[in-house]
Amino acid sequence: MQIKTVLIANRGEIAVRIARVARDLGIKSIAIYSEADAGALHTQVADESYALPGNTAADTYMNVPALLDIAVRAGADAIHPGYGFLSENAGFARTVTEAGMIWIGPSPESIELLGDKIAARRVAEEVGAPLAPGTSDPIDDWQEARAFAEEHGLPIAIKAAYGGGGRGLKVVDNMEEIEGAFNSAGREAMEAFGRAECYVEKFLTHPRHVEAQVLADTHGNVRVLGTRDCSTQRRFQKLIEEAPAPALSDAQRNGIIEGARSICSKVGYTGAGTVEYIVSEDGTISFLEVNTRVQVEHPVTEVVTGTDIIAEQFRIAAGEPLSFEEDPQSHGHAFEFRINAEDILNGFAPCPGTIVSFEPPTGPGIRVDSAVRSGSIIPPYYDSLIAKLVVWGPTREIALARARFALREFTVTGVRTVLPFHRDMMDEPALIGTAAPAEDTAAAGASEIGVFTDWVDHNYRPSATNQVEKVEAIYTQRRNVAVEIDGKLVNVGVPVDFLAAPGAGAAGGSASTAPSSAGAQSTDDNAVTSPFEANLVAWNVADGDTVAEGDAIATVEAMKMESAIKAPRGGTIKLLAAEGDRLDSSKVIATID
């Protein structure tokens, strides 16, 4: 069957990516956009764009009737869901096919089976994949999680049964925190995936996150495109990925690859998918989950294998065989850096706003997949990812060297991003590792990788005194001025405030709308505000309670992640906002006297 017109049921950089691949293949692309995304880059790259009234994910990118209505009006014969939103929603996939359109993804049955993490655990067990202890069915309340912890010990991981991407995942190492973690995991899962069921399993301390990229067609071919390491995470949100995964023995690598192939073959999987594992400190490999969609980090595999994974998705959906007969081999090494609009000095808090300038790096081995350009608006309703920097080199050492300079060259002003974090990590021994024995060429340059999934949470301290000034300097919006000194050209970065006329304010806009710490944003020392636009999910205190400075007094949600607002001072709190309210930095939500 031939695909002529595809509706891209997504936004951001993945929608841009899909539209460009469709153009390569001679397929007409249809974009959709919310009110907040009007004029966004993905609407300009696609051949046509249609509006979805509203802003929330439920009203727009997860509004199935509205999506199908646009697909019919635009004459689409296929729908590509990208990642996130409805990409792993079996009901949506089934509705698309029942409407006579081609679903570019695995079958609804595969999504249901593998998207249910408990059912996926059973499949992995049937094919012999090792598993950590866990519940066989979703748990109904937090007391069941506590009972599991009492039997198997702490820490435990409470996971959304239909979640992914770190949403709806909470690791607990204190019995008193189980109830709050269970409730928070369910809320995040419901917000991101529309299902709140959770299960619990034993959490292996200091694990690495290693995954295998799978492509399977309708002709029975199941190919594995090597491995990726995604261990550099914060709160289980991936920040840096690399391919192939370093510091694995041949036996470990083979087990991961063949385990992934066996799981997908067992269920008759078709399309792109990722089988994820954790590798514990002692080398034990434990199956984690299957993501039944294209991954955010798919480009890092593309650049080492020479495979266009999105194009293969189109081939598979059209009933064609994969374009290669054997597993593609990896050549060289690559890193992917997720450029999120987040403030690393404020606990990686989301930073919506307007990008004043966006200047990506250039050079050999550099690829940037972006959702933005200078002047783009980052709305507070969706994920904080604005771009991905992918750097390839013939060796891991050269890839690291290229990445180090590319990150220095990458400039984003107007909103705060995680670029300072990425630059720091390029000098972090735990990520860089040390040289491996010459005979172990598969792990050359990476024999002592020390980053594990919660390494950043426990070891990265951007708020340390000697770091704050450096990071604030990076966040300060600057203008490059070329100055000639004794015949030598010197480029100087000058803060725009310095260049602005007296009383005129900062030229070109402010550096950021985000503060450096969560707390009072008002001239009233007693006032408490949200440090960014967010929804007030829950109060952790009652009106009239006595709080201490630093107490987590409220939970807010922005860009699909929950964060805590902490008391800026001690005293008696008076609540001025209700749960469910939409907040911005000017709204006083409480006072502390």
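Residues are numbered from 1 along each chain as its sequence is written, and side-chain values use heavy atoms, with hydrogens and water left out. Because the model is predicted, local features need pLDDT of at least 70 and side-chain atom pairs count only at pLDDT 80 or more, while totals for chains, interfaces and linings use all residues.

**Whole chain**

Helices are DSSP runs of H or I with at least four residues, strands are runs of E with at least two, and both are numbered from the N terminus. Of the 593 residues, 55% are buried (under 20% relative accessible area, with a 1.4 Å probe and protein chains only).

**Confidence**

Colour by pLDDT, the predictor's confidence in each residue, from 0 to 100. The chain averages 88, and 87% of the residues score at least 70. Now select 435–447, where the pLDDT is below 50; beyond near neighbours in sequence, this stretch has 22 contacts in the model (heavy atoms within 4.5 Å). Residues 503–522 also have a pLDDT below 50, with 54 such contacts. Where pLDDT is low, the predicted coordinates should not be read in detail.

**Largest pocket**

Next, select Lys 170, Arg 234, Arg 235, Glu 562 and Ala 564, the closest to the pocket's centre of the 50 residues that line it. The volume is about 1,700 Å³. On a 1 Å grid over the protein atoms alone, a pocket is an open set of points where a 1.4 Å probe fits, with protein on both sides within 12 Å along at least five of seven lines; lining residues have an atom within 4 Å of a point. Grid points are joined across faces, edges and corners, and the volume is the space filled by probe spheres set on them.

**Backbone details**

Go to Leu 154 and Pro 155, joined by a cis peptide bond with omega about 0°. Pro 155 lies in the loop between α7 (142–152) and β6 (156–164). A cis peptide bond also joins Ala 243 and Pro 244, with omega about -10°; Pro 244 is in the loop between β11 (237–243) and α9 (250–266).

Finish with Phe 236, in the loop between β10 (222–234) and β11. Phe 236 is not a glycine, yet has a positive phi of about 65°. Its relative accessibility is 15%, so Phe 236 counts as buried.

Conventions. Buried means under 20% relative accessible area, exposed over 50%, partly exposed in between (1.4 Å probe, protein chains only).
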